Amino acid sequence: MLEIEHLVRTFGALEALAGLDLSVGEGDRVGLIGPNGSGKTTLFNVITGVYRPTAGSVRLEGRDIGGSKPDRIVNRGVARTFQNLRIFERMTVFENVWAAQHRRGDVAWRELLYPGGSAERRRRGEVDYLLERTGLADRRDVLAGGLPLPDQRRLELARALARAPRLILLDEPAGGMTPAETGQMIGLIREVAMPGRTCIVIEHKMEMIRELCDRVCVLNFGRKIAEGSPEAVLRDDAVIEAYIGREVSADA
Ligand SMILES: Nc1ncnc2c1ncn2[C@@H]1O[C@H](COP(=O)(O)OP(=O)(O)O)[C@@H](O)[C@H]1O
Ligand SMILES: [Mg+2]
């Protein structure tokens with residue numbers, strides 16, 4: 001599904017990604033961990049076309065997408081959530097998901113300008129279905145900016161799912177959540193986001209990595225320092241040391 005080879009991304013003198021290799025097969029559930037600043041979000045930004053690679057390659061289903069425009073990459077079946085949420089605060093929950101769905105390339109702009117046709121009704125039905133699945137149906141007509149953080153993160157997930165991705169990239173989907181809220185998010189990702197999709201999750205909460213992922217990749221200074229099953233990797237002393245030890249033990 002995704003083949004990353006010798007990927008380098010620099011910002012001035014800083015090497016945010018310093019020759020990263022990562023191979024993700026169809027249906028894989030990969031956890032991406034590492035200290036702050038180790039390059040995790042930068043990797044998502046390169047995969048989704050926000051940044052061009054400085055060197056190396058990103059191939060999606062055999063085709064090079066390194067440096068492609070973000071919209072083209074969405075149309076190739078890749079969607080993501082953002083660590084710093086990107087919802088539209090002054091739009092309702094429904095409108096947020098609807099707008100995300102309309103970034104999909106298969107939507108005719110005529111439908112946007114002349115709503116009410118049968119295709120548009122079907123799309124609105126899809127949005128309502130997604131809101132139902134993500135537990136946001138009763139918040140449908142509320143302004144997104146007024147939602148509590150866990151609901152905003154759920155909305156961010158619903159927006160990504162509205163793009164009908166085959167590969168979904170989740171950037172700290174439980175960031176800032178309590179343990180109970182994190183538990184609910186784990187269930188939502190497992191039951192709604194993951195089935196039928198390939199998934200990469202960045203998360204500091206090891207509980208989430210253990211419960212959702214079948215493989216973990218550890219980054220440090222833009223390089224992969226360990227990879228393997230969660231049980232094996234999270235037992236590795238070098239990993240724990242490179243990582244923020246406090247967070248690992250707090251959640252372990
Ligand atoms: N647009 C940018 N301009 C300059 N430096 C950046 C930019 N994006 C990321 N960086 C730097 O790249 C490094 C990796 O950042 P990031 O990928 O966000 O780390 P992580 O998500 O693992 O915490 C950090 O040192 C960060 O400051
Ligand atoms: Mg990050």
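Author: Two strands pair if DSSP finds at least two bridges between them. Keep that in mind as we look at this predicted model.

Reader: Thanks! Which residue stands opposite Ile202 in S8?

Author: That is Asp171. The two strands involved are S7, residues 167-171, and S8, residues 198-202, which pair in the parallel sense over 5 bridges.

Reader: What packs on the sheet there, touching S6 and S7?

Author: Helix H6, made of residues 149-161, does. The direction of H6 makes about 160° with that of S7.

Reader: Now the wider view, please. In what order do the 6 strands of the open sheet come?

Author: Read across the sheet and you get S6-S7-S8-S3-S9-S10, with mixed pairing. At the edges are strand S6 (78-80) and strand S10 (223-228), each of which pairs on one side only. On average, neighbouring strands of this sheet are turned by 20° against each other, direction ignored.

Reader: Let's turn to cysteines. How many disulfides does the count come to?

Author: A disulfide needs two cysteine sulfur atoms within 2.5 Å. By this rule the count is 0. Take Cys199, which is in no disulfide: its nearest cysteine sulfur belongs to Cys213.

Terms used. Residues numbered from 1 in each chain as written. Chains lettered and ligands numbered in written order. Predicted model: local features only at pLDDT ≥ 70, side-chain atom pairs only at ≥ 80, totals over all residues. Heavy atoms only, no water. Helix = DSSP H or I, 4+ residues; strand = E, 2+ residues; numbered from the N terminus. Axes fitted to C-alpha atoms, helices over the stretch in contact; angles between N-to-C directions. Contact = heavy atoms within 4.5 Å.
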